[in-house]
Amino acid sequence: MEPLLRVEDLRVELPTRRGLRPAVDGLSFDVGEGEIVGIAGESGSGKTMTAMTLLGLLPHGARTSGSARFDGRDLLTLGRRQLRDLRGRQIAMVSQDPSTALHPILPVGTQVTEHMRHHLGLSKSAARAEAVDLLATVRIPDPERALGAYPGQFSGGMRQRIAIAVALAARPRLLLADEPTTALDVTVQAGILRLLDRLRRERGLAVLVITHDLGVMSAVADRVAVMYAGRLAESGPRAQVLAAPRHPYTRGLLDALPHPEAADDPARVALRPIPGSPPSLGDVPAGCPFHPRCAFAVPACSTDRPEPLPVAAGHLLACPPDPLPRDDAAPVAEGAPA
Amino acid sequence: MTGATPAAEPTLLELTGVAVEYGRRGARVRAVDGVDLTVAAGEVVGLVGESGCGKSSLGRAAVGLEPLAAGSARFLGEPVTTIGRGARPGRLRRLQMVFQDPYSSLNPRRTVGDLVADGVTLGGGSRAEGRTRAAALLERVGLPASAAGAYPHEFSGGQRQRIAIARTLAADPLCIVADEPISALDASAQATVANLLSGLVRDGGIGLLLVSHDLSVVRQVADRVAVMYLGRVVEVGTTEQVWSRPQHPYTQALVAAIPRPDGGGVLPADLPGDVPDPADPPSGCRFHPRCPIVEDRCRTTDPRPETVAGREVACLVRAAPSARADA
Ligand SMILES: Nc1ncnc2c1ncn2[C@@H]1O[C@H](COP(=O)(O)OP(=O)(O)OP(=O)(O)O)[C@@H](O)[C@H]1O
Ligand SMILES: Nc1ncnc2c1ncn2[C@@H]1O[C@H](COP(=O)(O)OP(=O)(O)OP(=O)(O)O)[C@@H](O)[C@H]1O
Ligand code: SF4
Ligand SMILES: [Mg+2]
Ligand SMILES: [Mg+2]
């Protein structure tokens, strides 16, 4: 059976001053019921645009190709009415941009109960009771009183948690969570991650979680896709991609993280970013888009576009030289030399 | 006392007993309740704490964007007066803030180049100077110089955050209060911006108050760390002390909740209990309803900061362990 969401060869072109330029270029992934799939990648690599495409919320003049089948229907060809009916009810989004997620002049209670009343047909009092529960679940202090307050009266992270409550209100089947915990401290984040994990186990909620935080990814995602310049660099089971990455870009991201021992070191080593900067939309290098920054590049990398190819069960890699030393403990493709 | 500023460097920013209040349905809510903190030249002070504990409120109050309900904020010895978001009076120009939300802090109708150039004019420079410096500043934060001609909506979240940083740097600040300047960035960009900020501090003698919930980044760049819980600072010390041997039970919970990027699939430890409401803070120690080492005295006595293991900690049990051997 086909998974709840199947995205195939998705391409999204955005209007720029120099014409249409691809922000997402040949991306494929699946999200099954009860599954949490993570998309990681450099800032500007097209993660948010991928989510916006699924909701039909691209900027005016954008063009898409490929397919994104949700429950058998291609979201890319659905009419605006049909998409609007799916949005909120079946597919909900937690937006990265807190200023669009909540309406500034509507009380929080109205925003949380709106979808419940509209989509679930709950009575006013039932919706109110459920809203209080939901706000408590996302750890808003004094949820009863919060219902009457306005978004501006909450801190940045509290607004983010209220937005999560609004997204979950209509009990969607698929949640697109764009940097859902980026504005939160780690203890509250832990609560939200546990909530997502519970909802997928109890309600079969499918979650596409977009985050640059590889720790968050490691905690909740079953499978991880790493994007670079709108393309898939590598995807596969969490443990393979994060513990034994095959793509030099994934390796670079992991190496840029602060090390747990760092503060003990009196010399305080500087962090190690990947050298160079990511290409801007429309200036994507030929061949492998990462080649100008890659320590392992061979001549073919600057001319031949690498396609994602299977290197192990469920593990796709868009890097033909496959240059990283193989960890003995890591799973290796059948028949590949260890 | 290791929690204090090294005496050699001049203090740039000095907060004493700062309180910030908001009106909510007629009542006054104290979001920040008596915080003492200093930032010296060449120093990065990390400010971490639970979402809603008052970090942004304190940061805004420190730069004069929020009136003080009590206490004082001084920049270079002069009181920081309450002002709007626009041009700052001359003596406060070199005290600048990077805002938490890069979406609402950038005017959507101005090009990125103009926005950065505004930073230069806000800091007292000329328009022409602004235009010439904008391109260089954008490159410094890892954006192409060509970004100057585009509008903020054409950029991703992390790119906008860097535009906001470039604009702040344009004002040639001496002290920066940066509210979550790196949380929206990927690991590599975080490393770039964190290195940029710490470079400015170490080489340029700038002072930086770095507000962030991300302890792992804070510990990499901060000299000292202050941990807030519900409007108060509960622990302050050198980064090494706070990170490696946290003393306050809240700090310990924070450190334990950091997820590890090892692919292990381990959900980080949660801190159970209700997040308290500043409108109705718990009696005694504000952390007591969620504290794993709570004792009876914690419910009635409000702990004052005391020196524990070389840093300041506001915890009765840590300051004076009882006969029970659980501390
Ligand atoms: N409305 C728009 N018009 C034109 N280009 C855009 C628009 N929004 C985003 N872009 C560009 O599209 C590319 C992908 O942006 P996207 O927001 O998907 O990145 P992202 O991966 O979500 O990054 P971040 O981690 O910083 O949020 C970026 O180069 C960005 O500059
Ligand atoms: N304009 C306002 N009106 C009323 N209450 C406010 C206002 N701004 C903040 N608060 C309240 O003050 C408290 C502290 O908020 P603040 O934004 O300082 O927290 P924070 O530590 O920065 O949190 P976060 O990490 O989520 O950004 C919160 O309880 C919040 O609800
Ligand atoms: S004073 Fe008591 S309740 Fe507060 S942190 Fe210390 S042990 Fe916990
Ligand atoms: Mg994004
Ligand atoms: Mg804040």
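Predicted model: local features only at pLDDT ≥ 70, side-chain atom pairs only at ≥ 80, totals over all residues.

A: From first C-alpha to last, helix 4 of chain B reaches 20 Å with its 14 residues. That is close to the 20 Å expected at 1.5 Å a residue. After the helix comes Asp172(B). The phi of Asp172(B) is positive, near 55 degrees.

Gly158(B) is found in helix 4 of chain B. Is Gly158(B) buried or exposed? Its relative accessible area is 2%. Buried means under 20%, so Gly158(B) counts as buried. What does Gly158(B) touch, leaving out residues up to four places away in sequence? The answer is Ser43(A), Ala184(B) and Leu185(B). Gly158(B) also has a partner to compare along the chain. Asp186(B) is 28 residues apart from it in sequence, yet their C-alpha atoms are separated by 7.6 Å.

Next comes ligand 1. Helix 4 of chain B, residues 157-170, gives two or more residues to the shell around ligand 1. The shell has 21 residues. The closest are Ser43(A), Gly44(A), Thr48(A), Glu154(B) and Ser156(B). Why is the site called shared? Residues from chains A and B surround ligand 1, so the site is shared between chains.

Look at the polar contacts of ligand 1. On chain A, an N or O atom in the side chain of Ser43(A) is 2.7 Å from an oxygen atom of ligand 1. Recall that Ser43(A) is also one of the residues that Gly158(B) touches. On chain B, a polar backbone atom of Glu154(B) is 2.7 Å from an oxygen atom of the ligand. A backbone N or O atom of His153(B) lies 3.5 Å from a nitrogen atom of ligand 1. How much of ligand 1 does the protein bury? Alone, ligand 1 exposes 640 Å², and the protein buries 93% of that. By class, its shell holds seven nonpolar, 11 polar and three charged residues.

Now follow chain B on to helix 5. Asp186(B) leads in here. At the start of helix 5 of chain B, a side-chain oxygen of Asp186(B) reaches to within 3.0 Å of the backbone nitrogen of Ser188(B). Helix 5 of chain B covers residues 187-204, which makes 18 residues. Its span from first C-alpha to last is 25 Å, close to the 26 Å expected at 1.5 Å a residue. Gly205(B) follows the helix, with a positive phi near 65 degrees.

Which residues of helix 5 of chain B are buried? Among them are Ala187(B), Ser188(B), Ala191(B), Leu196(B), Leu200(B) and Val201(B). What do the buried residues pack against? Helix 4 of chain B is one of the elements. So the helix we began with turns up again in this packing. In chain B, the partners also include strand 3 (44-49), helix 3 (127-140), strand 8 (207-211) and helix 6 (215-221). Chain A supplies helix 11 (248-255).

Ser188(B) shows that link to chain A in detail. It sits in helix 5 of chain B. At 2% relative accessibility, Ser188(B) counts as buried. Set aside its neighbours within four places in sequence. Ser188(B) is then in contact with Glu42(A), Leu253(A), Ala256(A), Pro273(A), Ile274(A) and Arg293(A).

Finally, turn to ligand 2. Where do the residues around ligand 2 come from? They come from chains A and B, so this site is shared between chains. There are 20 residues around ligand 2, and Ser155(A), Gly157(A), Gly52(B), Ser56(B) and Ser57(B) come nearest. Helix 7 (156-168) of chain A supplies at least two residues of the shell, as do strand 1 (11-24) and helix 1 (55-62) of chain B. An N or O atom in the side chain of Ser57(B) is 2.5 Å from an oxygen atom of ligand 2. A polar side-chain atom of Ser51(B) lies 2.7 Å from an oxygen atom of the ligand. The protein covers 91% of the 640 Å² of accessible area that ligand 2 has on its own. The shell around ligand 2 has six nonpolar, 11 polar and three charged residues.

Key. Residues numbered from 1 in each chain as written. Chains lettered and ligands numbered in written order. Heavy atoms only, no water. Near = heavy atom within 4 Å. Polar contact = N/O pair within 3.5 Å; in protein donor to acceptor, adjacent residues only side chain to side chain. Areas by Shrake-Rupley, 256 points an atom, 1.4 Å probe, with all protein chains shown as cover. Helix = DSSP H or I, 4+ residues; strand = E, 2+ residues; numbered from the N terminus. Nonpolar A, V, L, I, M, F, W, Y, C, P; charged D, E, K, R; others polar. Expected span 1.5 Å × (residues − 1). Buried < 20%, exposed > 50% of the residue type's maximum accessible area, 1.4 Å probe, protein only. Contact = heavy atoms within 4.5 Å.
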